[in-house]
Amino acid sequence: MASITSDVSQVISPVTHVKVDLKRKLVIVAGATLVLAYSGPFGTYRSLDFFGRFAYWGLAVGGIGLIMNSMAYYSLRLTLVQRASAVLRIIGWALVGSVPATLVMLALGKVFLDPEQRLEEFAPLYLKVLAINAVMCVVDLRPLAKARLNPAGISLSGTRDNAAFKHARFMHKLCGKVGGELISLSKQDHYLEVTTTQGRRLVLEKISTVETVLADFPGIRVHRSHWAVTAHITELKRQGSSYAVILSDGRELPVSRTYLPAVRAVIGGQSA
């Protein structure tokens, strides 16, 4: 019996790609800055002239926007966020993101408004920031909230003719709304059972076609009816005269003698 430990570098993490509309974001930042500079909330109308308010709110909206967008993007790598609906994502981002956003407002307040501002003012200021941040999340982060994961772990940047884009699009076709990391593919009559870390689904596809498209993907055919991601193979087990691989989710897939040497080579290489 041979066993392996998956190399961290081989674990395939889902990466979300959303095309960033920079022009739209700049319009949102400029519009929000003008509205807030004109209305002067948080005592800025009485304390600052228009240009002072414009500088104050420009820094606030730009800084907080950068924090919120970064937090939202990277949070989509978390399983809990992946499974959440768009509405729950926005609510969570507003609640969590308003914490650093409030700290930004406190820092700006010390510079522009009152050098004596203290951390004790955090709680009431947080509620005010949360109200504005919730609106900004709906306006600015809605595309991210609706984003789907790219199960291939490949950024879809570049043109639609890019090989990485086609590869990732094919992976999305396989995993669909199930999401998560791909574990294995199994032939079921005219369909393929696609198993990921988050569930299973059936797709109308030939395993030979998938094997060709995923030739450069870290996976291996273990049987005429089964294919598995090498990072999710945890063990090669002998069962009398036959063999089977144990996968990270506990399932077993039979290994035919045709593919046994290749499976042993892969497991031996990962064990080294």
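At what angle do helix α3 and helix α5 pack, and how far apart are their axes? In this predicted model, helix α3, residues 50-75, and helix α5, residues 86-112, pack at an angle of about 150°, and their axes are 10 Å apart. An angle over 145 degrees counts as roughly antiparallel, so α3 is roughly antiparallel to α5. The crossing in which α3 passes α5 is right-handed.

The contact between these two helices can be followed residue by residue. Sorted by class, the contact of α3 with α5 has 19 nonpolar residues, four polar ones and no charged ones.

Before going on to other helices, here is the chain as a whole. Its secondary structure comes to 10 helices and nine strands. The protein chain has 272 residues, and buried residues make up 41% of them. Of the contacts with a separation of 6 or more, 56% are accounted for by residues 24 or more positions apart. The chain exposes about 15,000 Å², with carbon and sulfur atoms supplying 61% of that area.

Helix α3 also packs with helix α1, residues 22-39. The axes of α1 and α3 come within 8 Å and cross at roughly 140°, and the two helices are therefore oblique to each other. Here too the crossing is described as right-handed, with α1 passing α3. From α1, the residues in this contact are Lys25, Val29, Ala32, Thr33, Leu34, Leu36, Ala37 and Tyr38. They meet Phe50, Arg53, Phe54, Trp57, Gly58, Val61 and Asn69 in α3. By class, the contact of α1 with α3 has 10 nonpolar, three polar and two charged residues.

Tyrosine 38 has its place in helix α1. Is tyrosine 38 buried or exposed? Its relative accessibility is 65%, so tyrosine 38 counts as exposed. Leaving out residues up to four places away in sequence, tyrosine 38 touches Tyr45, Phe50 and Arg53. Its C-alpha atom is separated by 8.1 Å from that of phenylalanine 54, which is 16 residues apart from it along the chain.

Most residues other than glycine have a negative phi. Phenylalanine 42, however, has a positive phi, near 60°. At 21% relative accessibility, phenylalanine 42 counts as partly exposed.

Helix α5 has a further partner in α6. The two pack at an angle of about 130°, with axes 8 Å apart, which makes α5 oblique to α6. The crossing of α5 past α6 is right-handed. In α5, the residues taking part include Ile90, Trp93, Ala94, Leu95, Gly97 and Ser98. Those met in α6 are Phe122, Leu125, Tyr126, Val129, Leu130, Asn133, Ala134, Cys137 and Val138. The residues of this contact divide into 17 nonpolar, four polar and no charged.

Which residues are buried in helix α6, residues 122-140? They are Leu125, Tyr126, Val129, Leu130, Asn133, Cys137 and Asp140. The cover over the buried residues of α6 includes α1, α3, α5 and α7 (142-145).

Aspartate 189 is found in the loop between β2 (182-188) and β3 (191-196). Its phi is positive, near 55°, and at 68% relative accessibility aspartate 189 counts as exposed.

Histidine 232 lies in the loop between β6 (226-229) and β7 (233-239). Histidine 232 is buried, with a relative accessible area of 10%. Apart from neighbours within four places in sequence, histidine 232 is in contact with Glu181, Leu182, Ile183, Thr197, Ile246, Leu247 and Ser248. The C-alpha atoms of histidine 232 and aspartate 249 are separated by 8.1 Å, the two residues being 17 residues apart along the chain.

How values were computed. Residues are numbered from 1 along each chain as its sequence is written. This is a predicted model: local features need pLDDT of at least 70, side-chain atom pairs count only at pLDDT 80 or more; totals for chains, interfaces and linings use all residues. Side-chain values use heavy atoms; hydrogens and water are left out. Axes are lines fitted to C-alpha atoms, for helices over the stretch in contact, and angles run from 0 to 180 degrees between N-to-C directions. Helices (H or I, at least four residues) and strands (E, at least two) are DSSP runs, numbered from the N terminus. Angles under 35 degrees count as roughly parallel, over 145 as roughly antiparallel, 65 to 115 as roughly perpendicular and the rest as oblique. A crossing is left-handed if the near helix is turned anticlockwise from the far one by less than a right angle, and right-handed if clockwise. Ala, Val, Leu, Ile, Met, Phe, Trp, Tyr, Cys and Pro count as nonpolar, Asp, Glu, Lys and Arg as charged, and the others, Gly among them, as polar. Buried means under 20% relative accessible area, exposed over 50%, partly exposed in between (1.4 Å probe, protein chains only). Contact means heavy atoms within 4.5 Å. Accessible areas come from the Shrake-Rupley method with a 1.4 Å probe; for residues, only the protein chains shown count as cover.
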